[in-house]
Amino acid sequence: MSNEIRGDVTYRIRRFDPDRDAAPRWQESRIPALPGMTVLDGLWKIKETTDPSLSWRSSCRMGVCGSCGMLINGRARLACNTQISELGSAIVAVAPLPNFHIIRDLVPDLSPMFTAHAALSPFVIREDAAEQENPSGEFGQTPHELEQYLQFTFCIKCGCCMAACPTYATDPAYSGPMPLAQAHRYNTDTRDGGFRKRREALAGEAGPWRCHYAGECSRVCPKGVDPARAIQLMKRQLVLDYLRLWRPRRPAAIIPAPAEVRRRPDVPEPPARTV
Amino acid sequence: MMRDQKLWTWHVVAGLVVLVFLGLHMTIMHLDEVIPAASLNPQGGHPIDWANVAARGKTLFFPITYVVLLGAALFHGLYGFRNILFELNPPGALKRVLGWLLALAGLGLFAIGTWAAIAAHRVALLA
């Protein structure tokens with residue numbers, strides 16, 4: 001690769017210890033950059049060899065858990081999903097995600113994001129609670145209906161979109177791209193019947209109205225989700241709802257398991273349900 | 001609380017109204033040689049010649065469109081301005097004051113503009 005970094009790289013890490021520091025400060029460390037090394041690997045190297053007090057969140061190391069969102073060379077990314085070589089620089093500047101309070105070093109306080117997320121009821125809402133507990137069949141949904149919200153289910157709640165959003169940076173009443181995209185994901189799910197409940201929150205200041213469509217949330221999303229699109233689609237849905245030009249559909253009905261089907265002798269029985 | 005849903009919807013509707021009536025305005029004022037409609041400039045010459053302005057003002061259609069365009073433009077513009085001000089993250093009490101000030105400014109300007117449109121219609125009828 002042409003942008004392969006050979007030799008050492010310098011990590012500029014934004015440090016903050018609330019018990020000791022009045023304000024965040026920058027600390028530099030030099031480590032050897034090895035082929036295939038991620039930014040997270042570099043942080044581990046520094047913690048193991050230079051400064052054991054360095055703090056951050058990480059877990060899966062494969063871009064699935066969403067724990068290691070950080071501001072890396074000016075862009076919100078997952079540290080585990082970012083190779084040092086792809087930065088194209090011998091300096092790796094690492095800071096906590098902006099738009100959140102810092103708990104310590106690279107650990108942001110994501111609780112406002114999750115509070116906003118929970119306030120928009122990000123789950124399937126139906127009246128047949130008993131059926132959800134003890135399903136007698138599947139809720140019918142076509143592949144086309146699935147495609148309407150599928151990409152939004154890939155969200156791992158890492159907070160990169162929230163850190164990149166210029167509106168969330170200034171307006172604390174705005175829910176932000178992640179919670180809004182997830183609300184749209186459930187509003188669009190044909191198995192769901194919770195639009196009216198979510199509308200109570202979305203129709204007010206917490207809703208999508210302050211979004212300028214800067215599109216930064218979609219640009220930085222490490223999972224390729226397009227929250228900006230979800231927010232514009234949500235605006236359209238709510239405008240049509242206000243004008244009485246659109247009505248939420250009834251949640252998908254249950255498709256009972258076929259009764260007249262005989263199992264082929266070479267197909268084994270499924271394991272017993274455990275949940 | 002549907003307040004923002006309602007305001008945004010009317011913001012979009014007002015934008016569409018502005019688009020249509022501003023299109024009409026541009027057609028009359030700047031495309032008179034491309035679309036020479038006798039009903040828009042009955043006296044010939046330039047669209048803002050007094051004879052043409054008076055001829056258009058005699059009909060009810062034009063004063064009504066002036067008032068509708070004025071209302072739509074004021075609502076669309078002032079709501080957008082309110083959003084910009086709110087992005088500065090003022091405290092809740094100041095937000096309410098700003099909202100009321102902008103609403104009063106909009107109503108005042110709308111009243112003056114409506115009065116001017118009616119007055120122009122009456123002058124045109126006398127011309």
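## Polar contacts and salt bridges between the chains

Nine residue pairs are in polar contact across the interface of chain A and chain B, both residues of each pair at pLDDT 80 or more. A polar contact is a pair of N or O atoms within 3.5 Å; within protein, one must be able to donate a hydrogen and the other to accept it, and residues adjacent in sequence count only if both atoms are side-chain atoms. pLDDT is the predictor's confidence in each residue, from 0 to 100.

Chain A and chain B also share two salt bridges. The term means a side-chain nitrogen of Lys or Arg within 4 Å of a carboxyl oxygen of Asp or Glu. A:Arg210 forms a salt bridge with B:Asp4, with 3.7 Å between the closest N and O atoms.

## Basis of the model

This is a predicted model: local features need pLDDT of at least 70, side-chain atom pairs count only at pLDDT 80 or more, and totals for chains, interfaces and linings use all residues. Residues are numbered from 1 along each chain as its sequence is written, chains are lettered from A and ligands numbered from 1 in the order in which they are written, and side-chain values use heavy atoms, with hydrogens and water left out.

The model scores ipTM 0.82 and pTM 0.89. Chain B has a mean pLDDT of 91, and 99% of its residues reach 70 or more.

## The A–B interface

Contact (heavy atoms within 4.5 Å) joins 17 residues of chain A to 14 residues of chain B. Together the two chains bury about 1,600 Å², 53% of it on carbon and sulfur atoms. Buried area is the accessible area (1.4 Å probe) that two parts lose on being put together, summed over both. A:Trp209, A:Arg210 and A:Tyr242 supply 41% of the area that chain A buries against chain B, more than any other three residues.

Helices H7 (166–170), H9 (195–202) and H11 (227–242) of chain A each supply at least two residues of the side that touches chain B. H11(A) gives the most, with five residues. Helices (H or I, at least four residues) and strands (E, at least two) are DSSP runs, numbered from the N terminus. By class, this side of chain A has seven nonpolar, four polar and six charged residues. Ala, Val, Leu, Ile, Met, Phe, Trp, Tyr, Cys and Pro count as nonpolar, Asp, Glu, Lys and Arg as charged, and the others, Gly among them, as polar.

## Two domains in chain A

The domain assignment, automatic or from a database, gives domain 1 (8–108) and domain 2 (111–252) of chain A. Their C-alpha centres lie 30 Å apart. The contact takes 14 residues from domain 1 and 16 residues from domain 2.

The two domains bury about 1,100 Å² between them, 59% of it on carbon and sulfur atoms. In domain 1, A:Arg75, A:Asn99 and A:Phe100 lose the most area to domain 2, together 44% of what that side buries. Strand E4 (residues 75–78) of chain A brings four residues, the largest share of the domain 1 side. That side has seven nonpolar, five polar and two charged residues.

## A salt bridge within chain A

Over all chains, the count comes to 17 salt bridges. One of them pairs A:Arg15 with A:Asp51, the closest N and O atoms being 2.6 Å apart. A:Arg15 lies in strand E1 (residues 8–15) and A:Asp51 in the loop between helix H1 (39–49) and strand E3 (69–72) of chain A, so the pair ties together parts 36 residues apart in sequence.
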